Amino acid sequence: MPDTADTAGTAQTAGTADTVGTADRAGTATGGPLLQARGLTKTFRVPRSASGSTRLHALDGVDLTVRRGETLGLVGESGCGKSTLARVLLMLERPDAGTLRYDGVDPFALRGRSLLAWRRRVQMVFQDPFASLNPRMSAGELIAEPWRSHPDLVPRAERERRVHELLEKVGLRAADARRHPQEFSGGQRQRIGIARALALDPEVIVCDEPVSALDLSVQAQVLNVLTELQAELGVAYVFISHDLPVVRHMADRVAVMYLGRVVESGPAEEVFTAPRHPYTASLLSAAPRPPTAQDDGPSRRIVLFGEVPSPTDPPSGCRFRTRCWKAEQVCATAVPADEPAPDGPQHLAACHLPIQPSDRGGSRAAAHE
Amino acid sequence: MNGQATPGTAAGNGTALEVRDLSVELSTPQGPVRVVRDVGFEVRSGQTLALLGESGCGKSMTAQAVAGLLDPVAEVTDGQVRLQGRDILRLRRSDRRSLAGPELAMVFQDALTALNPVYTVGSQLAEPFRIHERASRRAAKEKAVELMERVGIPEPRLRAKAFPHQFSGGMRQRLLIAMAVALRPSVLLADEPTTALDVTVQAQIMELLAELRRETRMALVLITHDLAVVAEQADQVAVMYSGTIVESGPVAEVFAAPRHPYTRGLLDSVPAGHPRGSVLPSIQGSPPRPAAVPAGCAFRARCPLARDRCATDEPPLTDTGPGRASACHYWKELADA
């Protein structure tokens with residue numbers, strides 16, 4: 001694959017390529033697609049009983065695009081496959097079917113140095129800052145650790161200065177380099193996690209619930225750090241969260257997942273103010289309204305029946321139909337395709353009976369009590 | 001303490017639970033640490049009081065002290081807990097235990113660890129009736145099934161024979177609520193009852209709690225860190241910081257015009273209401289560790305209003321208007337702003 005050789009070249013001249021890359025990214029703030037997933041499918045074998053095992057459908061034909069410098073919000077309830085998707089994007093999990101393209105290159109086809117170079121470009125910030133940092137390493141060692149795998153990225157003599165720079169970038173002090181994780185609060189630890197991800201100068205950072213372990217007052221600090229870093233470095237985020245107000249604040253575009261499928265995606269404002277998939281609508285209306293929320297949300301609360309069905313035995317057709325108040329015969333037989341909104345070509349929903357703008361007047365969607 | 005105010009509505013008719021000057025100490029290898037300091041509040045029958053605060057502020061410890069479920073390393077050092085006028089902290093152990101269920105019940109955050117894994121849920125739900133009402137095995141089972149039906153568990157008769165691990169998170173939380181309300185308590189303490197659940201299930205559980213509260217006119221104390229849950233569910237709110245209540249009053253009033261800089265800071269840090277991608281106002285720093293609460297006001301190191309007086313005088317929770325109280329020397333500046 002010619003593209004592969006290209007990436008390998010970048011790796012060998014990582015030092016210079018980086019500066020070029022940074023300038024390039026700053027120029028194309030919301031540039032073209034960087035990461036493109038098509039039809040990603042992933043199943044796991046889970047033991048069911050002594051007699052045999054069953055397959056858990058974690059991802060089922062997921063399409064996703066991440067553009068340069070943007071934030072893609074990934075929303076869904078537990079078990080919807082958002083963490084599995086993140087693991088595939090990071091190449092920690094190989095999909096059973098579907099393709100992943102990073103800058104046109106299939107990372108799963110890479111080997112050796114070119115694979116190593118690719119790994120540098122996609123990094124991760126974890127949910128739990130108490131579990132994800134080695135307590136026996138100092139903050140400085142934690143931030144410098146990624147350079148063990150990528151020794152050419154920062155010259156040895158430069159490293160200490162670079163660690164201090166990274167600490168200051170995320171709002172800590174250079175002197176904090178000598179302290180250990182347990183000497184920091186949750187918010188400060190999460191900053192260390194962010195600095196560690198930044199150490200390799202990535203193009204995409206997958207943030208898996210980066211603030212859900214933090215208290216509200218600290219959460220805002222960490223979100224601000226992420227926002228500022230993006231403006232400065234042009235890094236793209238895949239921002240996974242169950243907290244809709246947080247996603248709404250951070251995301252340029254958003255993808256809503258349900259039982260292994262993306263049911264709705266599009267520009268964040270369009271999805272949040274005019275959801276088309278009944279699941280999105282119910283998710284938005286179910287979240288309690290913060291006291292400071294603008295009054296543009298659903299006017300009536302939709303309380304869904306029941307719970308998410310097991311991913312080992314998903315419903316036929318539309319996976320949401322068992323909880324959907326609009327479901328009809330067709331929903332059980334045919335898998336709905338992604339259809340763009342009449343007034344928004346980027347706003348896709350996979351629903352046979354999408355919510356129409358006319359439904360959204362006074363009584364949005366017939367809610368069942 | 002002079003001018004000490006008590007959150008909640010005026011004392012008198014219908015006060016189901018009244019807590020006064022409650023203090024809890026934790027014994028640690030470094031010596032005793034006061035984790036709850038002079039906490040007071042009131043809840044009336046049929047009303048909801050939210051104890052709002054971030055992790056480590058002492059809200060769960062307060063609830064456990066009220067319920068008499070403190071860990072042995074923690075101890076109530078001072079205060080009163082009045083249930084229907086009676087100070088239950090002065091009761092004998094056995095008398096107090098007899099109140100657990102018919103008078104005061106608690107719903108915990110983690111439903112899986114709160115249920116016994118080796119008994120069927122039916123027999124666990126039947127237990128309160130067996131113990132408190134001395135019901136026969138058969139009658140208690142029957143009541144357990146009714147209860148499961150009431151909290152929305154499908155096929156209750158069949159599911160009563162199942163074990164806790166065979167239920168989903170939301171269903172377990174329903175079971176826990178069923179168990180807590182079995183004997184129609186006058187006060188229900190719910191400690192983060194929906195934190196571990198997905199939003200669509202969270203909405204179901206909050207709706208169930210609200211229904212039960214209306215039906216039985218029980219007083220609900222909702223312990224939470226979620227401002228949105230408070231805004232939607234509670235009548236009164238008491239904001240806790242560093243082991244003590246710093247502001248209290250009717251939810252709508254407190255959220256519309258907070259009178260403590262901490263409450264103000266919390267409300268400002270909610271992303272909703274700020275333009276997308278804008279810098280969120282945040283409270284600088286983090287709360288003090290309970291063992292190292294500074295002299296004076298515990299919030300002063302993070303407070304935009306702090307001045308010299310805050311380092312020396314601890315502001316008491318003082319009435320600032322009908323039903324409202326704040327523990328800030330300079331609350332008027334917030335009210336006027």
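The model is predicted. In chain B, four strands make up an open sheet in the order β2-β1-β4-β5, with antiparallel pairing. Its edge strands are β2 and β5 (86-87) of chain B, each of which pairs on one side only. Strands of a sheet pair through backbone hydrogen bonds, in either the parallel or the antiparallel sense.

Strand β1(B), residues 15-28, pairs with β2(B) over 10 bridges in the antiparallel sense. These two strands, β1(B) and β2(B), form a hairpin, with two residues between them. Strand β1(B) also pairs with β4(B), residues 74-83, again in the antiparallel sense, over eight bridges. Val24(B) illustrates both pairings: its bridge partner in β2(B) is Val36(B), and its bridge partner in β4(B) is Val76(B).

How is strand β2(B) placed relative to the rest of the structure? Of the 14 residues of β2(B) (residues 31-44), 10 are buried, so the strand is largely enclosed by the rest of the structure. A residue counts as buried here if 20 or more other C-beta atoms lie within 10 Å of its own.

The contact between the chains takes 34 residues from chain A and 37 residues from chain B. On the side of chain A that touches chain B, the elements giving two or more residues are α9 (216-233), α10 (244-250) and α12 (278-286) of chain A. The largest share of that side, nine residues, comes from α9(A). By class, the side of chain A that touches chain B comprises 15 nonpolar, 13 polar and six charged residues.

Key. Residues are numbered from 1 along each chain as its sequence is written. Chains are lettered from A and ligands numbered from 1 in the order in which they are written. This is a predicted model: local features need pLDDT of at least 70, side-chain atom pairs count only at pLDDT 80 or more; totals for chains, interfaces and linings use all residues. A residue is buried if 20 or more other C-beta atoms lie within 10 Å of its own, exposed if 12 or fewer, and partly exposed in between; C-beta atoms are placed from the backbone. Two strands pair if DSSP finds at least two bridges between them. Two residues are in contact if their C-beta atoms, placed from the backbone, lie within 7 Å. Ala, Val, Leu, Ile, Met, Phe, Trp, Tyr, Cys and Pro count as nonpolar, Asp, Glu, Lys and Arg as charged, and the others, Gly among them, as polar.
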